[in-house]
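Please keep the structure open as you read.

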Amino acid sequence: MIPFLDLGDSYRELKPQIDAAVRRVLEGGWYILGPEVDAFEAEWAEYCGAKHSVGVANGLDALVLALRALDIGAGDEVIVPSNTFIATWLAVSTVGATPVSVEPDAATHNINPSQIEAAITSRTRAIMPVHLYGQPADLDPILDIARRHGLRVIEDAAQAHGARYKGRRIGAHGDIACWSFYPGKNLGALGDGGAITTDNPALAERVALLRNYGSRQKYVNEEKGINSRLDPIQAAILRAKLPYLDEWTERRRAVARIYSETLQDIGLTLPHVPQWAEPVWHLFVVRAPARDALQGRLADAGIGTSIHYPIPPHRQGAYRDLAPTLPPSPLAERLADEVLSLPIGPHIDREQLAAVVEAVKRACAN
């Protein structure tokens with residue numbers, strides 16, 4: 001069996017460093033925020049090329065707090081991709097705003113900038129591009145549209161740790177970037193975790209306030225905040241992993257290159273990488289007209305795969321009430337029927353990779 005993902009691999013590789021990091025927190029006696037979180041925030045901001053970072057409890061909270069920090073709420077609209085994990089939409093709904101969906105680019109699966117302007121109304125306050133699968137969205141036209149219409153840009157960077165757009169790491173192109181450190185991410189904690197990065201000190205300060213009950217000083221609450229603080233143990237684990245992130249990314253890129261070179265002309269649509277993008281290959285997503293049959297044959301061969309994502313947000317029960325008002329999303333629905341994620345990660349060895357390639361070729365030939 002070759003699993004789609006083994007979450008224990010990174011721990012096994014860095015067991016001494018991670019164990020030492022956890023022990024450092026346990027022995028230090030500071031279990032909420034404190035120096036470990038401060039240190040990770042500084043290191044993550046520097047890595048992303050941003051001036052500020054604020055750690056929060058998870059990626060969804062990062063998006064919610066970014067929206068709140070920008071005073072986006074009831075009566076507002078936020079433009080979101082139709083093809084994304086539902087967290088992007090849920091964040092907008094959580095603050096009382098309305099998600100307005102825009103279809104993806106067929107080649108990259110990221111939001112199509114050429115369709116954004118048509119979705120803008122007098123109620124639009126922000127655009128929320130997602131750097132899906134670890135590949136940057138095309139930010140320059142999005143930022144240009146935002147400037148011309150007075151809109152904010154909130155980047156959902158949950159899958160894009162270390163990705164570069166036109167040579168610059170994702171982290172501070174828009175007003176604020178939001179990160180998840182869910183265990184399966186390229187930089188993953190051993191539990192939930194999240195952060196925002198920004199060049200705007202006022203936004204960073206507001207998120208830091210809101211994540212901690214709206215309080216800078218204990219028992220003094222300036223706003224109606226929430227409890228969404230990055231755990232110091234998770235911060236320490238992320239600090240232990242961060243120095244290895246670039247090396248792990250290069251290993252992912254090596255896997256992606258082999259897939260791209262060996263899986264051509266067998267009936268699959270392979271990922272397209274624009275010249276200006278440097279993806280980090282959080283996922284390697286192919287398209288297959290008979291996806292379910294292909295996935296079944298691969299499972300029979302002992303190859304784990306996954307589908308990102310089988311049901312687009314507008315088809316979820318959570319958005320049943322909104323569905324009649326949303327524009328048609330035929331491309332997002334087609335992608336949901338065709339996409340299949342192959343195993344990829346920094347710990348796939350050469351024999352496993354060869355086995356996946358051969359199994360995919362055989363499955364496509366049937």
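1. Helix H4 (residues 59-69) packs against helix H7 (residues 201-210) at an angle of about 120°, with the axes 9 Å apart. Helices here are DSSP runs (H or I, at least four residues) and strands are runs of E, at least two, numbered from the N terminus. Axes are lines fitted to C-alpha atoms over the stretch in contact, with angles from 0 to 180 degrees between N-to-C directions.

2. A word on the source: this is a predicted model, where local features need pLDDT of at least 70, side-chain atom pairs count only at pLDDT 80 or more, and totals for chains, interfaces and linings use all residues. Residues are numbered from 1 along each chain as its sequence is written, and side-chain values use heavy atoms, leaving out hydrogens and water.

3. Which residues of H4 and H7 meet? Leu65, Arg68 and Ala69 in H4 meet Leu203, Arg206, Val207 and Leu210 in H7, contact being heavy atoms within 4.5 Å.

4. Now to a sheet: three strands form an open sheet in the order E7-E6-E12, with antiparallel pairing. Its edge strands are E7 (168-169) and E12 (277-278), each pairing on one side only. Two strands pair if DSSP finds at least two bridges between them. Strand E6 (residues 164-165) pairs with E12 over two bridges, and Tyr165 has Ala277 in E12 as its bridge partner.

5. Finally, look at Gln234, in helix H8 (residues 232-241). Apart from neighbours within four places in sequence, Gln234 is in contact with Ala189, Leu190, Gly191 and Asp192.
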